[in-house]
Amino acid sequence: MRHQPILKGILEIPSVKRVVGLGSKLVLMALLLACSKESDDLTPTGTGTSGTTTTGSSVAIDSTTTSSATPEGNTDKAANADDLLANSTFPSTVSVTFGTTASISNPLAGNGVSIEQTNGDVVITSTATGVDFVLAGTTTNGSVKIYSDKKFKLTLNGVNITNADGPAINIQSEKRAFIVLADNTTNSLTDGATYAASGTEDMKATLFSEGQMIFSGNGSLSLKGNYKHAIASDDYIRLISGTITVTSAASDGIHTNDAFIADGGTVTMTTQGDGIQCEEGYIVINGGTFTINVVDKGIAASYDTDTTIDPYLTINGGTITINSSAGEGIESKSVLTINNGNIIAKTKDDGINAGTFIYINGGTVYAYSSSNDGIDSNGKITITGGKTVSVGASAPEEGFDCDRNTFKITGGIAVGVAGATSTPTASVSTQPSVLLGGGTANQLMHIQSGEGAEVLTFLIPKTYTTMLFSSPKLKTGQSYKVYSGGSVAGGTNVNGLYTSGTYTLGTQSTTFTTSSMVTRVGGSVGP
């Protein structure tokens, strides 16, 4: 013990030796040992006995503590072997090459494929099986229309089509169209601002089909939708690979009736309506990179008239970035499930919205609304994993809003800041949560345990009056300190959530003890 030499020195002083007996020696030793115990128990919290901040105190930011519980919701990937190009064969090739006039190579003439062209407009009628229609060249006043009784392959092999009075490509077939963006090619399609009627045929996009469209290949396709949508199907669309850019669209970038499924590819779009809209069905995103800049909704699964359908939306992976100037970021009129992926939705309306249920099982989610809720379920919310940051507007808007329905948290990291919040349901949650008061934009907010371990280090994106925080780092029955300000050195943050670095303490603002599964220290609870 480091105080023993001091004790010995005191006792060896002659005057002390004369007056101190054995009993007094033991008392003095006990007092000094007590002082030694108090010094050894000091913890690196940066506070003295008065609770004031010790300048320069710091703590390492912990990025290793994670947890996830049993996932809930939908895990379907909408796999369909019939959508794989490798499972079909197209041995016959029919070519159309645009130039001053269209050059046509049709080895199936008289054997199931007929082609007509009038003033640059090419009409293909096919009853043949296993045909690959290859388009190339450039036309500034032309189009391609396809009627087919069988599924077919449509290869875009460096084709550029502008049509002044209708779609650039109009597929009037309900059969599956495998649209291949030929490797190392650049393709472009532009429609007219008005369409000339063609009987009762439905036409509503630069690239339109009555049937399924399956996109693949490693080329690129650029579209401009002057009339309505850039790409539309009255059935479903699947994106496997390729690069698709919608430079502008009067309405939606991609519009489908029954479903939209993405397994990969890269999509960038700017539209006056929605980004990806399924009006009578579901959306499943398994992968791909999506950059969506829109006026209305970023990605939406809904129903127009048929209320018997299930317009669910499931995200199993991918990177999704949405900016909406007036609408919502991601919306399902039914169940929205996020199993993985990197999602950023910055919107005026709700960042993420669902009609009946929101499940977050994994991934990194950032929802930011300037005028409404960050994450809003008209039914229930369950969080089992992932890292979620939800930013809502001032009161009465909320970071997490589920209208007093069940709000279950069993894992993951969740940070919600706004004017108010829904309260997690303690009876079904297994991971502690805390409700805290306000914070100021662009300041750091830090929580650490009574032992000095980092629990949360967060760069505040906007001023708020209520924070909801849940993390596996929170434990019931423990005390915590909250700091504002300070600084981070050598750190990285994801959506304001620091995952590495060293935090230097700012000003201690409050303390709390997690006495139950949900602890309320401050803030407001929504209706």
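About 190 Å³ of space lies in the second largest pocket of this predicted model, a volume being the space filled by probe spheres set on grid points joined across faces, edges and corners. Because the model is predicted, local features need pLDDT of at least 70 and side-chain atom pairs count only at pLDDT 80 or more, while totals for chains, interfaces and linings use all residues. Residues are numbered from 1 along each chain as its sequence is written, and side-chain values use heavy atoms, with hydrogens and water left out.

**Pockets**

- A pocket is an open set of points on a 1 Å grid over the protein atoms alone, where a 1.4 Å probe fits, with protein on both sides within 12 Å along at least five of seven lines; lining residues have an atom within 4 Å of a point.
- The second largest pocket has 17 lining residues, and Gly437, Gly438, Val482, Ser509 and Thr510 lie nearest its centre.
- At least two lining residues of the second largest pocket come from each of strand S40 (444–449), strand S43 (479–484) and strand S48 (507–513); strands (E, at least two residues) are DSSP runs numbered from the N terminus.
- S43 gives the largest share of that lining, 3 residues.
- The lining of the second largest pocket comprises 8 nonpolar, 9 polar and no charged residues, where Ala, Val, Leu, Ile, Met, Phe, Trp, Tyr, Cys and Pro count as nonpolar, Asp, Glu, Lys and Arg as charged, and the others, Gly among them, as polar.
- The largest pocket holds about 230 Å³ of space.
- Of the 15 residues lining the largest pocket, Asp121, Ser143, Lys145, Asn163 and Asp165 lie nearest its centre.
- Strand S5 (121–126) and strand S7 (143–148) are the elements that give two or more residues to the lining of the largest pocket.
- In the largest pocket, the lining divides by class into 7 nonpolar, 5 polar and 3 charged residues.

**Salt bridges**

- The structure contains 12 salt bridges, each defined as a side-chain nitrogen of Lys or Arg within 4 Å of a carboxyl oxygen of Asp or Glu.
- One of these joins arginine 238 to aspartate 83, with the closest N and O atoms 3.0 Å apart.
- Arginine 238 is in strand S16 (residues 236–239) and aspartate 83 is in the loop between strand S1 (58–60) and strand S2 (92–98), so this pair ties together parts that are 155 residues apart in sequence.
- Arginine 238 and aspartate 83 are both buried, a term for residues under 20% relative accessible area, with exposed meaning over 50% and partly exposed in between (1.4 Å probe, protein chains only).
- Arginine 238 also forms a salt bridge with aspartate 263, at 2.7 Å from N to O.
- This second pair links distant parts of the chain, 25 residues apart, with aspartate 263 in the loop between strand S19 (259–262) and strand S20 (266–271).
- Aspartate 263 is partly exposed at a relative accessible area of 30%, whereas arginine 238 counts as buried at 4%.
- A network of salt bridges links Asp83, Arg176, Arg238 and Asp263.
- Lysine 333 and glutamate 331 meet through their side chains in another salt bridge, at 3.4 Å from N to O.
- Lysine 333 is partly exposed, with a relative accessible area of 36%, while glutamate 331 is buried, with 3%.

**Aromatic pairs**

- The structure contains 9 aromatic pairs, counted when the ring centres of Phe, Tyr and Trp (its six-membered ring) lie within 6.5 Å; planes under 30 degrees apart count as stacked, over 60 as edge-to-face and the rest as tilted.
- Among them is the stacked pair of tyrosine 282 and tyrosine 312, at 5.0 Å centre to centre and with 5° between the planes.
- This pair links distant parts of the chain, 30 residues apart: tyrosine 282 is in strand S22 (residues 282–285), and tyrosine 312 is in the loop between strand S24 (299–301) and strand S25 (313–315).
- Tyrosine 282 is partly exposed, with a relative accessible area of 25%, and tyrosine 312 is buried, with 14%.

**Two buried residues**

- Valine 180 belongs to strand S10 (residues 177–181) and counts as buried at 11% relative accessibility.
- Leaving aside neighbours within four places in sequence, valine 180 is in contact (heavy atoms within 4.5 Å) with residues including Leu85, Lys153 and Ser216.
- Aspartate 132 lies in strand S6 (residues 131–139) and is buried, with a relative accessible area of 8%.
- Aspartate 132 and threonine 93 are 39 residues apart in sequence, with their C-alpha atoms 4.7 Å apart in space.

How values were computed. Helix = DSSP H or I, 4+ residues; strand = E, 2+ residues; numbered from the N terminus.
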